[in-house]
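Hi,

Here is the structure I promised to pass on.

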Amino acid sequence: MKLKGYIIAISALLYISLASAESRNFSDNIMPDTIDYNRTRLFLEAPQLSIKYSSLNYCAEGFAIGYPIISPSGEKSSLWVDDIRMHHLESMYETDIDQELWNTLNQDLVGSRCYVKNGLYYRFDRFHDGLIIYYEAIPEEMRNVVDNIMKSVKMRPQKSDDIPLNRNKRTEYDMDNNTLIRKNTP
């Protein structure tokens with residue numbers, strides 16, 4: 001399970017590096033993005049380059065979509081939309097932290113937690129359908145951008161007349177077989 005976490009991190013760093021080379025002002029050009037999960041359609045707004053370099057990672061346990069986040073000073077971090085079955089959630093239960101900002105997780109682990117560790121922000125939001133949105137190691141200068149992404153998140157049940165999503169906009173990666181399925185075609 002830890003190997004899959006490392007593969008996710010390596011994949012995110014690859015896209016973060018690409019995005020870093022392209023732009024210094026990563027928080028400009030906020031755009032909408034849409035994700036289908038089970039029978040739920042999720043909407044969020046993120047920086048254009050975060051969406052452009054987002055990656056869809058598959059494995060036997062589920063999926064994750066990683067969005068690279070680059071601060072104007074070049075610090076790299078990521079935002080993830082994750083199927084609860086895929087990601088090991090040790091970070092959600094982290095106890096070695098500097099400051100707990102809030103923790104509304106209930107006995108079913110539905111809710112939100114945000115804390116500061118080593119001067120960086122971490123946040124986890126888990127929804128009733130098992131979907132988790134989290135960001136890790138966000139520098140202070142990018143906290144407002146990621147908080148605005150989280151404020152933009154909306155979900156609704158998928159409808160029969162929903163137009164299918166363009167799957168080619170993200171790189172797809174099979175983590176079980178360590179194989180690139182498709183590069184993105186923006």
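Predicted model: local features only at pLDDT ≥ 70, side-chain atom pairs only at ≥ 80, totals over all residues.

Residues are numbered from 1 along each chain as its sequence is written, and side-chain values use heavy atoms, leaving out hydrogens and water.

The sheet is open and has three strands in the order β1-β2-β10, with antiparallel pairing. (Strands are DSSP runs of E with at least two residues, helices are runs of H or I with at least four, and both are numbered from the N terminus; two strands pair if DSSP finds at least two bridges between them.) Since β1 (30-37) and β10 (154-157) each have a single partner strand, they stand at the edges, so one side of each is left without a neighbour in the sheet.

β1 pairs with β2 (residues 40-47) over eight bridges. Ile35, for example, has Leu42 in β2 as its bridge partner.

Now find Asp33, which sits in strand β1. Is Asp33 buried or exposed? Its relative accessibility is 2%, so Asp33 counts as buried (buried is under 20% relative accessible area, exposed over 50%, partly exposed in between, with a 1.4 Å probe and protein chains only). Leaving aside neighbours within four places in sequence, Asp33 is in contact with several residues, including Leu42, Tyr67 and Arg170 (contact means heavy atoms within 4.5 Å).

Cheers
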